[in-house]
Amino acid sequence: MERREFIRSSLKGLLVAAAGGSGLVLKGCRRNPDFDLVVKGALVFDGLGSEGKPADVGVKGSTIAAVGRVDWRRASRIIEGKGLALAPGFIDIHDHTDVQLLVNPKAGSHVHQGITTLLSGNCGSSPFPLSGEALEEEKKNLRDLYNLDLDWTDIGGFFTRLEKGGMAINYATLVGHGSLRAAVVGQADRPPSGEELNKMKELLQAELAAGAFGLSSGLEYTPGSFAQPAEIIELCRVVAAAGGLYATHMRDEGDKLLDALEEALEVGRSAGVRLQISHFKTAYRRNWSKLDEAIGLIEKAREEGIKVAVDRYPYTAASTGLSIFFPLWAREGGNEAFLKRLKDPNLEAKLRGYLEAQEEKLGSWSQVIISSVTRDDNRWLQGRTVAEAAEKTGQDVFSFIRDLLLAENGQVGMISFIMSEGNLKRILSLPYASIGCDGSTYSPQGILGKTRPHPRSYGSFPRFLGKYIREEKVCSLAEGIRRITSFPASRLGLKDRGVVAPGYKADLVVFDPDRIEDRATWEAPHTFAAGIVAVVVNGIPVIDDGEQTEALPGRILRRT
């Protein structure tokens, strides 16, 4: 590291970089500079869909001050951009990073992708509001998983905790409907009373006023799955009045995909809310043929004036908790109630039958990989398929899954290969499709590097730009950049990010369009992407010559 710092500060290093386009961050030549940072001679994509043009970009403080011809000698620092592309920082519109920033605020797996802003609180889950049993369970989970003490109950308290430690990335969030419901109604399968619904609306209004960007639902997960459409519509009217976004993990993404999509569109129509279809997919081979009809429903709704868009991660495997393969009635009442039912011999035949039906959809349990456990004595299972692991333990699949969930207190992550490559490319070509990691931030070292997560948390944006734009040509590079910068910014109402222009915040990515690619694999997911040369967040480099700095310039973004 000392040698690299010496190179950056030497005149020799400056001349070499200027001649060869290394992308190094270098010191400028004046004591009283007009710019704190200049990216020199890059192919600049403004994020609005225009083709790239050679230009310099000058930054003063946290803001872009000039785009065009800039005297780089008037800058404190220079990033040599010759032969490279410059774009607005990438915006991850579907993410699950929140408490992980308290563990590792550098957010390595994300900034190495060029992500400068993420939207968390998706799929109905956010670390607020918390009360009662939900609060106590979350306290236990954070102690067990991350050795963290929970000292907040609402969004304001969580923001305060985040700001104490700083972060390398900008953080925005939705309110999780499941978290909201758990705080008021609990884990029961019943509609809220009138008083409870009013309480949910009051809590939602308070979280929106404190800066949340909208509401998310996870209608495939408990307790959100127990909500009827009327409940979601009532809450979304509150979101619409505040100008927020409603993002939904729909009730079904497979056999009942079209019914679930109709429900989501009706929420958008009835509540008048901006609608985001999360990780849009057709799950399981027997449903792959439904994509055309699903797209038709979305495009008809857009023609009607419903402000609906979709997001997707560029992989054909999904990832969630292993408990998703059990019926809703078994998961009602929370984790402890679920584990109690798994132990009940009177329910075994019924649960076995349900798992057999899941295998019919999957085709084989070899299509499911165990990605995370909490106990060290079970680490050997990570990366193995359920079929392989069951065979190794000498158990049938049901007994293996049941016993593993009981041993791990229900906290088992999995990856399932259930989607079509052809459908994926079709979705990625849609002009209203953004990219979202649908994961959380990880690090190759430390507690966040102990599991075998889906590679999407390390590779989604480079994979989109490399494999699917450069190689598969699902759209032009300029259009692809628009869909991961200004388009998600507009969906969130971010008026000063997502575009390279004077007056916008200096969230920038410098990358090699010929070399950018994801390198995370199923076998080695904790691997950073290639081709990202520099990442600037609020005017400060967090990636410099491909390596992360110690800077933590990220901010909490609040809806205004």
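Q: Which helix supplies the largest share of the lining of the second largest pocket?

A: Rolling a probe the size of a water molecule over the atoms shows where empty space is left. In this predicted model, helix 5 contributes the largest share of that lining, with 7 residues. Helix 5 (132–146), helix 7 (177–184) and helix 13 (335–343) each provide at least two lining residues.

Q: How many residues line the second largest pocket, and which lie nearest its centre?

A: The lining comprises 18 residues, and Glu133, Ala134, Glu137, Gly333 and Gly334 lie nearest the centre. The space in this pocket is about 310 Å³. By class, its lining divides into 3 nonpolar, 10 polar and 5 charged residues.

Q: Which residues have the most contacts inside the largest nonpolar core?

A: In soluble globular proteins, nonpolar side chains tend to be buried together. Here the largest nonpolar core has 97 residues, and Phe280, Phe464 and Phe511 have the most contacts inside it. Helix 10 (residues 257–271) gives the largest share of this core, 8 residues. A second, separate core holds 35 residues, including Ala318, Leu339, Leu362 and Ile401. Leaving aside residues up to four places away in sequence, Phe511 touches several residues, among them Leu84, Phe90, Leu477, Ile516 and Val533.

Note on methods. Residues are numbered from 1 along each chain as its sequence is written. This is a predicted model: local features need pLDDT of at least 70, side-chain atom pairs count only at pLDDT 80 or more; totals for chains, interfaces and linings use all residues. Side-chain values use heavy atoms; hydrogens and water are left out. On a 1 Å grid over the protein atoms alone, a cavity is a set of points where a 1.4 Å probe fits but cannot get out, and a pocket is an open set with protein on both sides within 12 Å along at least five of seven lines; lining residues have an atom within 4 Å of a point. Grid points are joined across faces, edges and corners, and a volume is the space filled by probe spheres set on the points. Helices (H or I, at least four residues) and strands (E, at least two) are DSSP runs, numbered from the N terminus. Ala, Val, Leu, Ile, Met, Phe, Trp, Tyr, Cys and Pro count as nonpolar, Asp, Glu, Lys and Arg as charged, and the others, Gly among them, as polar. A nonpolar core is a set of buried Ala, Val, Leu, Ile, Met, Phe, Trp, Tyr and Cys residues joined through side-chain atoms within 4.5 Å. Buried means under 20% relative accessible area, exposed over 50%, partly exposed in between (1.4 Å probe, protein chains only). Contact means heavy atoms within 4.5 Å.
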